[in-house]
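Subject: Structure for you to look at

Hello,

Here is the structure I promised to hand over. Please open it beside this email and follow along.

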Amino acid sequence: MDEVLMIRDNTWDECRVLEYLKISNFKVTEVSPVEKDIAYLLPGKAVVLVVSNDSAVCFEKCEQLRKCTEVPIIVVSDSDDEWTRIKMLQMGADDYITTPYREMILVATIQTRIEQFRRLTRLFGYIRVRDLVIEIINRRVFLNGREINLTIKEFDVLVFLAQRPNRIISREEIYSGVWHDKGTEYNLYCVSTYVKKIRKKIEDEYDNPQFIETVWGVGYRFVA
């Protein structure tokens, strides 16, 4: 389930998009723009939705958000002024939608932005698969919004697998890619040990893994 951070002020009397998002299987966290520290709410979020008829509020939130996240930002407001639209995009918004709008078009825009962001960043800085978030550049991992502490090699093994989703990866390939060496039988056993340690930290049920599957006699597969 993708998570949306919705920043909405009191000037927005009706927000039917909230129920449309929930119907579309999004988890929504609402916060007022008067909230100064919103960085702590961002881990695990797939997109930020700023809903306000106050252009100054939208400008401020876009600027604030772009300092601490790269996830898509979509602004919804009633101003159709060309300068406002250009300025909003310059401040960091990925989309600027004006009223009146059709709720399902907005939901489709959100879904499209999320998928675009995942495709563009999978190899570079950010991987999100269901409730698991991997920030490659920052070397941080979150599960259900809670940070998971991994060792250096645990993180490297997880990223190596996550960057090759739904592919069967042999232990030899993992060892060569992470340790940059040809593995002996002992080294390949170490790969299995690291995978077990990662599973204990990110899987709800160790014996029924949702992220890293074992393909017996072959290797592992990261399920995206």
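The crossing of H2 and H3 is left-handed. A crossing is left-handed if the near helix is turned anticlockwise from the far one by less than a right angle, and right-handed if clockwise. This is a predicted model, in which local features need pLDDT of at least 70, side-chain atom pairs count only at pLDDT 80 or more, and totals for chains, interfaces and linings use all residues. Residues are numbered from 1 along each chain as its sequence is written, and side-chain values use heavy atoms, with hydrogens and water left out.

H2 covers residues 55-66 and H3 covers residues 82-90. Helices (H or I, at least four residues) and strands (E, at least two) are DSSP runs, numbered from the N terminus. The axes of H2 and H3 come within 9 Å and cross at roughly 15°. Axes are lines fitted to C-alpha atoms, for helices over the stretch in contact, and angles run from 0 to 180 degrees between N-to-C directions. H2 and H3 are therefore roughly parallel. The cut-offs are under 35 degrees for roughly parallel, over 145 for roughly antiparallel, 65 to 115 for roughly perpendicular, and oblique for the rest.

Which residues meet? Ser55, Cys58, Phe59 and Cys62 in H2 contact Trp83, Thr84, Lys87 and Met88 in H3 (heavy atoms within 4.5 Å). By class, five are nonpolar, two polar and one charged. Ala, Val, Leu, Ile, Met, Phe, Trp, Tyr, Cys and Pro count as nonpolar, Asp, Glu, Lys and Arg as charged, and the others, Gly among them, as polar.

Now the other pair. The axes of H5 (residues 152-162) and H6 (residues 171-179) come within 10 Å and cross at roughly 120°. That makes H5 oblique to H6. Their crossing is right-handed. Lys153, Asp156, Val157, Phe160 and Leu161 in H5 meet Glu173, Ile174, Gly177, Val178 and Trp179 in H6. This contact has six nonpolar, one polar and three charged residues.

Best wishes
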